[in-house]
Amino acid sequence: MCVCVLLMQGGTMLTSITDGILCCLTGKTDNLVLPLESSKPSDGFEFVEVKPGRVLRVRHIVPERQPLEKQAPGKQRTDVDCNDNDNDPTEEPNKDSDVGTSVHCKRKISVYRDGQLVIENLGDVLHSEILQCQDGDLEPCSTVEVELADYREIASSPDPNPVPLPGPVHTGEQKPAPPPRRRRRKPKRTVLIDSKRVISSCKGTHSDVALFFVHGVGGSLDIWSSQLDFFSRLGYEVIAPDLAGHGASTAPQIAAAYTFYALAEDLRAIFKRYARKRNILIGHSYGVSFCTFLAHEYPDLVHKVVMINGGGPTALEPSLCSIFQLPSCVLHCLSPCLAWSFLKAGFARQGAKEKQLLKQGNAFNVSPFVLRAMMSGQYWPEGDEVYHAELTTPILLVHGMCDKFVPVDEDQRMAEILLFAFLKVIEEGSHMVMMECPDTVNTLLHEFFLWEPDMSKKSSCKADVEKTVSACETLTTLKHHKSVDK
């Protein structure tokens, strides 16, 4: 296939080879990304210096309804104090905001020495009937292996027509031995979650709601163009940054600038700068990990989270046998092959429309140095199953069925681990589902933003739950997976 690609894109490949040879000779790469000439403040673009010399491009669209004119002249908006729950001083109380529904978040997480993870859900159960999209194979609180909280032998149902046993049992026959009682194990680590969370409908008319969009490796904020336009027209305040080295953000020339922790601190600074009282994080691929990080760090400010093709709840670890471990100059020569491979794997179809989307979205339009550093810097051992299980934020998982990068079973496993998670599958979508099916994704996201749990059914379901083993009195037993890279 690479030969065909070379023949089809001979001119591009020749240029890449020439630049690659110069890269090897000089030891330098064209990894400096300059701001776009058309990026003016009037277009909704801002350039934020998160650290000295580290500037990120941010598209920030504020609807006209925001009471920003009441701020003091020449004074910028005050950053939200992420350590308390007080309202932003620049905001007035929103009379149109919904009060919301209080949900009891309670679960017990136990980790055993053999690598088993046992999750006991003891709080409320949420359902997602209003989300008009195909569900995944799992429902909230579904399990892989289920066992009772207090292990005991459960008697089998009696036979309606019992057959009387004959008199004495022959000496040659033996009764089956009873199953051995399970020995109680002592977990090496136990985490208890017991809190209440208020979940409310987030409308575009609410001035205390902000939407954050985070892209993954090789992308830019342009991949969210359909979502940014759609939700800004509905009145939402939207914020979408370019990660370092992507889009029009500056690209440092050291690999340490692209580790997970360095990028996470960049997004922390962006979040603290633009956060409102109720913030919704939308991440794609590698961007899902940063949304998870922010939701874990600021549970009172992150109201809801959307994970699009983000993969399973496993710790990040770079692969040592990846093509991205090759030198930057070699990757520069292979850039046409990499772009073609991404088109084949990232989109369900490879027509002219998809090629145009790939070009407009700046996907894989990063320097080989940045690409290599991004893939090598995906080290996040804290982001394991327990880390995800501790989240109490309602989460919507969107998966494109044709995705060749992230199998659907990884998102299913994520739905099993999370406390309040709803998995929705889009049949005709792939890894870049928000670009392939923008109308479907926008509608699905909007319904999730407006969704508010209905706890009135809780009392009516109590009687049915008591007849059987309650879903909230079961244990979810899972095995730890190896760390992966995204």
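Visitor: How many helices and strands does the protein have?
Guide: In this predicted model there are 15 helices and 13 strands.

Visitor: And what share of the residues counts as buried?
Guide: Buried residues make up 51% of the 486 in the protein.

Visitor: What about contacts between residues 24 or more positions apart?
Guide: Taking contacts with a separation of 6 or more, 81% of them join residues 24 or more positions apart.

Visitor: OK, what's the mean pLDDT?
Guide: The mean is 76, with 63% of the residues at 70 or more. The pLDDT is below 50 over residues 24–42, a stretch that has 30 contacts in the model beyond near neighbours in sequence. Residues 85–94 are also below 50, and that stretch has 26 such contacts.

Visitor: Which ones are they?
Guide: The buried residues of α5 are Gly 287, Val 288, Ser 289, Phe 290, Cys 291, Thr 292, Phe 293, Leu 294 and Ala 295.

Visitor: Tell me about α4 then. At what angle do the axes of α4 and α5 cross?
Guide: Roughly 60°, and the axes come within 10 Å. The two helices are therefore oblique to each other, and their crossing is right-handed.

Visitor: Which residues meet there?
Guide: From α4 you have Phe 260, Leu 263, Ala 264, Glu 265, Leu 267, Arg 268 and Phe 271; from α5, Ser 289, Phe 290, Phe 293, Leu 294 and Glu 297. By type, the residues of this contact are eight nonpolar, one polar and three charged.

Visitor: What's in the contact between α3 and α13?
Guide: On the α3 side, Ser 226, Gln 227, Phe 230 and Phe 231. They meet Pro 438, Val 441, Asn 442, Leu 445, His 446 and Phe 449 of α13. The residues of the contact split into six nonpolar, four polar and no charged.

Visitor: Switching to the backbone: what's the phi of Ser 285?
Guide: Near 55°, which is positive in a residue other than glycine. Most residues other than glycine have a negative phi.

Visitor: Where is Ser 285, and is it buried or exposed?
Guide: Ser 285 lies in the loop between β9 (278–284) and α5 (287–297). Its relative accessibility is 11%, so Ser 285 counts as buried.

Visitor: And what about the phi of Asn 309?
Guide: Asn 309 has a positive phi too, near 50°. You'll find Asn 309 in the loop between β10 (302–308) and α6 (328–333). At 0% relative accessibility, Asn 309 counts as buried.

Visitor: Last one, Ile 254: buried or exposed?
Guide: Exposed, because its relative accessibility is 53%. Ile 254 is in the loop between β8 (237–241) and α4 (260–274).

Visitor: How far apart are Ile 254 and Ala 373?
Guide: In sequence, 119 residues; in space, 8.4 Å from C-alpha to C-alpha.

Definitions and conventions. Residues are numbered from 1 along each chain as its sequence is written. This is a predicted model: local features need pLDDT of at least 70, side-chain atom pairs count only at pLDDT 80 or more; totals for chains, interfaces and linings use all residues. Side-chain values use heavy atoms; hydrogens and water are left out. Contact means heavy atoms within 4.5 Å. Helices (H or I, at least four residues) and strands (E, at least two) are DSSP runs, numbered from the N terminus. Ala, Val, Leu, Ile, Met, Phe, Trp, Tyr, Cys and Pro count as nonpolar, Asp, Glu, Lys and Arg as charged, and the others, Gly among them, as polar. pLDDT is the predictor's confidence in each residue, from 0 to 100. Buried means under 20% relative accessible area, exposed over 50%, partly exposed in between (1.4 Å probe, protein chains only). Axes are lines fitted to C-alpha atoms, for helices over the stretch in contact, and angles run from 0 to 180 degrees between N-to-C directions. Angles under 35 degrees count as roughly parallel, over 145 as roughly antiparallel, 65 to 115 as roughly perpendicular and the rest as oblique. A crossing is left-handed if the near helix is turned anticlockwise from the far one by less than a right angle, and right-handed if clockwise.
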